[in-house]
Amino acid sequence: MLTETLNSLQQDAVLNQLRSATPMFWQNTKLASFKDAAADVGLTQADVDAAMARLQRFAPYIQKVFPETQGSNGIIESEFYRTEQLQKALGIDKGALYIKADNELPISGSIKARGGIYEVLQYAEKLALDHGLLSIDDDYSKLDSEPFRDFFSKYSVAVGSTGNLGLSIGIMSAKLGFKAQVHMSSDAKQWKKDKLRANGVEVFEYDGDYGQAVASGRQQVEQDPYGYFVDDENSKHLFLGYAVAGIRLKQQFDKAGIIIDKQHPLYVYLPCGVGGGPGGVTFGLKLAFGDHVHCVFAEPVQSPCMLLGIYTGLHDEISVQDIGLSNHTIADGLAVGRASGFVGQALQRSLTAFYTVEDEELNRLLRVVHETEGLKLEPSACAGLAGVQYFKDIDNARHLVWATGGSMMPDAVFAELLK
Ligand SMILES: *Cc1c(COP(=O)(O)O)cnc(C)c1O
């Protein structure tokens with residue numbers, strides 16, 4: 001299938017531009033009304049509501065063990081900012097530019113604090129309910145106790161990661177008392193490994209890329225009857241944890257009097273790695289705003305796995321290496337060569353467009369957003385900033401750039417990036 005498709009696309013302009021590793025934009029020709037496309041996902045509003053309710057049940061526990069969530073009563077959510085200086089610097093004359101500051105999310109400083117933490121919580125809840133240690137009407141702050149930590153210590157939670165997912169899963173799992181194991185790809189940053197070890201997480205390092213770290217982690221856990229593997233490529237739990245962002249953003253916009261309708265469409269720019277984070281958020285946004293929201297995915301020129309998978313229709317049966325790309329990028333959170341097949345098929349008719357960004361541009365944007373708004377973003381989190389230019393002529397548009405991570409970068413690492 002792969003060879004046949006590649007042969008038939010030898011003269012294809014889109015594929016050739018992808019191969020050339022130069023910035024490109026592709027308007028999704030498969031886009032459909034969400035009324036029709038929603039069924040592709042296989043999940044519903046009720047699933048997202050259940051995830052939201054679960055996070056609410058855990059809020060007293062989160063508030064107790066992570067004091068930085070005191071102000072939000074144990075709810076892990078980010079602010080959004082109106083960014084006029086940045087808008088000017090990017091040369092956007094029409095509409096209004098906002099940033100969704102997931103870089104400031106508590107506990108792990110990235111979008112992974114949504115899905116990653118949610119998945120660990122649902123697993124812990126299931127174990128405790130199944131063993132008669134907890135009922136859903138309880139005050140979950142009781143999980144912060146020796147008997148619970150002791151109970152969870154029999155089980156291990158593992159994940160393969162380029163960095164941030166490992167941080168979220170590792171920190172949350174260790175806090176509950178699980179044995180936490182994170183399998184890191186070669187592009188994972190040293191400070192992320194150090195932080196995990198400081199939190200009592202076992203870190204395994206690999207020379208290969210993200211796909212190999214995932215495969216090793218998965219294999220190791222399969223032999224352990226008390227092991228749980230967080231499957232970033234297929235997990236519905238992760239996806240639902242991310243999707244909660246849609247309802248929450250709608251509530252934030254309502255409160256701020258920001259109206260999204262036919263005359264005031266919302267354009268959201270989401271950095272994409274394997275696809276779970278931006279995919280889950282897209283699903284949540286589509287449920288909240290319907291066809292008035294347009295979700296656009298951003299990927300590095302060397303790692304456009306989701307664009308490639310959806311464009312060719314091969315999804316996870318094709319990798320960026322298959323078209324001669326290296327999957328090397330400074331955007332460590334986006335250094336993924338093969339997209340999630342689940343997310344590609346779920347959202348291929350819901351995404352408005354895709355584009356790719358060069359590393360140098362990410363560096364430039366990292367400086368611009370710091371100089372204009374004082375925000376501390378990691379390179380991956382800057383990919384969304386490069387997308388607004390493609391929609392700058394739309395009247396009354398609200399542009400929302402999803403800033404996916406960065407606040408926990410050590411100052412020395414950030415200073416190095418600013419240079
Ligand atoms: C993981 C990550 C993404 C993308 O999420 P995926 O689920 O891998 O697509 C984007 N930005 C940052 C900073 C990340 O850590």
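**Entry 1: the largest pocket**

I looked up the lining of the largest pocket and wrote down Ser 72, Ile 75, Glu 77, Phe 80, Arg 248, Gln 251, Gln 252 and Lys 255. I am working on a predicted model. The volume I have for the largest pocket is about 200 Å³. I checked which element gives the largest share of this lining, and H11 does, with four residues. Sorted by class, the lining of the largest pocket comes to two nonpolar, three polar and three charged residues.

**Entry 2: Asn 73**

I then looked at a backbone angle. Asn 73 is not a glycine, yet I find a positive phi of about 55 degrees for this residue. I located Asn 73 in the loop that runs between H4 and strand E2 (80–82).

**Entry 3: cavities, whole structure**

How many cavities of 30 Å³ or more does a search of the whole structure find? I noted three.

H6 gives the most, with five residues. By class I recorded nine nonpolar, two polar and two charged residues in the lining of the second largest cavity. Arg 248 was already in my notes as a lining residue of the largest pocket.

**Entry 4: the largest cavity**

What takes up the space of the largest cavity? I found that the ligand does. I counted 24 residues in the lining, with Lys 112, Gly 273, Val 274, Gly 333 and Leu 334 nearest the centre of the cavity. Strand E4 (156–161), helix H8 (164–176) and H12 each supply at least two residues of this lining. H12 gives the most, namely three residues. The classes in the lining of the largest cavity are nine nonpolar, twelve polar and three charged.

**Entry 5: the ligand shell**

Next I went through the residues around the ligand. There are 16 of them, and Lys 112, Asn 164, Gly 275, Gly 277 and Thr 404 come nearest. I sorted this shell into five nonpolar, nine polar and two charged residues. Helix H12 (residues 276–289) provides the largest share of the shell, three residues.

**Entry 6: polar atoms at the ligand**

The side chain of Asn 164 has an N or O atom 2.7 Å from an oxygen atom of the ligand. For Gly 276 I noted a backbone N or O atom 3.2 Å from a ligand oxygen atom. Thr 404 places a polar side-chain atom 2.7 Å from a nitrogen atom of the ligand. I also looked up the cover: on its own the ligand has 380 Å² of accessible area, and the protein covers 98% of this.

**Entry 7: Asn 396**

Asn 396, a residue other than glycine, has a positive phi near 60 degrees. I placed Asn 396 in the loop between helix H15 (359–373) and strand E11 (398–403).

Conventions
Residues numbered from 1 in each chain as written. Predicted model: local features only at pLDDT ≥ 70, side-chain atom pairs only at ≥ 80, totals over all residues. Heavy atoms only, no water. Near = heavy atom within 4 Å. Polar contact = N/O pair within 3.5 Å; in protein donor to acceptor, adjacent residues only side chain to side chain. Areas by Shrake-Rupley, 256 points an atom, 1.4 Å probe, with all protein chains shown as cover. 1 Å grid on protein atoms, 1.4 Å probe; cavity = no way out; pocket = protein on both sides within 12 Å on 5 of 7 lines; lining within 4 Å. Sits in = over half its atoms within 2 Å of the grid points. Nonpolar A, V, L, I, M, F, W, Y, C, P; charged D, E, K, R; others polar. Points joined across faces, edges and corners; volume = space filled by probe spheres on them.
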